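Open the model in your viewer and keep the selection panel at hand. The stops below go from sheet to helices to core.

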Amino acid sequence: TDVTGGAPAPPRPVTDADLRYPEDHDQREIGAENFAAARALINAGDSLQNILLRNDQVGGVVADQALTAVSYAARDDSDSARLALDGSRHWIEDLLGSIEIAASRGVTLSSSTGRFPATLSNGLDQPVTVEVEAVGGDPLGIDVPHPVVIGPGGRPPVLLDAHARRVGVHNVTLVVTDSDGTPLGSTDRLPVRSAQVSGVIWLILAAGAGLLLGAVVLRLVRRVRSPRRGRRESVDSRDAGERQVTS
């Protein structure tokens, strides 16, 4: 019948028994592995788009490729489609991993608070914007700048503020992330030692600095007086010689 003849027909309930799913279709279904690979590639594309300052289309392009591996056309060779997605994801992860962070081997705070530097490096030929996340446990809090813009091939330093709630050594892991907080791959770990310096130590340091300053001033005074004394002795000798000649 045509559409006009079929439209006025009353609806007929359909039960599960009325539906047929051929066995060959069941065997050719796209597996969960392909969906997981597609989801991972889409997430990688989103992270790449989040850090790039001049490209807001790459996430959609990557998503289009990821969906091909879970399409009806991929049923006949779903393994090859999944491997293609994995290859693309690894390529994007290598790009994201070229943005690295490096810190010193260890940091010692003279009190419960202090600052220490870290260096970010951009291995891409495009400007990027990233975030730095510090994972150090509850006793230690670290404030990081948000966000950090890095030019192509740039290596800008960043200063991190540490706040320790108790004395001791705290292991801190610095992680580079995108604007959504997704790690890009590069991390660096360093120990941060916090120590409360007592008033006696500060007094000793101040006394030592005072002695050093006094020694420097005394040496300068002696250096200034020495040429004057030499000139005075020379003048006195010359006057004595003139008196002898006159007599």
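This is a predicted model. Start with the open sheet: 5 strands in the order 2-9-8-4-6, with mixed pairing. Select residues 107–109 and 148–150 for its edges, strand 2 and strand 6, each of which pairs on one side only. Direction ignored, neighbouring strands of this sheet are turned by 35° against each other on average.

Next, select residues 128–135, which form strand 4. Strand 4 and strand 6 run antiparallel and are joined by 3 bridges. Within this pair, look at Val128, which stands opposite Ile150 of strand 6.

Helix 3 lies across strand 4 and strand 9 (183–194), at about 110° to strand 4.

To display the contact, pick Ala38, Leu41, Ile42, Gly45, Asp46, Leu48 and Gln49 on helix 3, and Val58, Gly59, Gly60, Val62, Ala63, Gln65 and Ala66 on helix 4. By class, the residues of this contact divide into 8 nonpolar, 5 polar and 1 charged.

Finish in the largest nonpolar core, which has 43 residues. Ile51, Ile99, Leu120, Val128, Val130, Ile142 and Leu160 have the most contacts inside this core. Helix 3 gives the most to the core, with 6 residues. Which residues does Ile99 touch, leaving out those up to four places away in sequence? Ile51, Ser121, Asn122, Leu124, Val128, Val130, Ile150, Val176, Leu184 and Ser186.

Conventions:
Residues are numbered from 1 along each chain as its sequence is written. This is a predicted model: local features need pLDDT of at least 70, side-chain atom pairs count only at pLDDT 80 or more; totals for chains, interfaces and linings use all residues. Side-chain values use heavy atoms; hydrogens and water are left out. Contact means heavy atoms within 4.5 Å. Helices (H or I, at least four residues) and strands (E, at least two) are DSSP runs, numbered from the N terminus. Ala, Val, Leu, Ile, Met, Phe, Trp, Tyr, Cys and Pro count as nonpolar, Asp, Glu, Lys and Arg as charged, and the others, Gly among them, as polar. A nonpolar core is a set of buried Ala, Val, Leu, Ile, Met, Phe, Trp, Tyr and Cys residues joined through side-chain atoms within 4.5 Å. Buried means under 20% relative accessible area, exposed over 50%, partly exposed in between (1.4 Å probe, protein chains only). Two strands pair if DSSP finds at least two bridges between them. Axes are lines fitted to C-alpha atoms, for helices over the stretch in contact, and angles run from 0 to 180 degrees between N-to-C directions.
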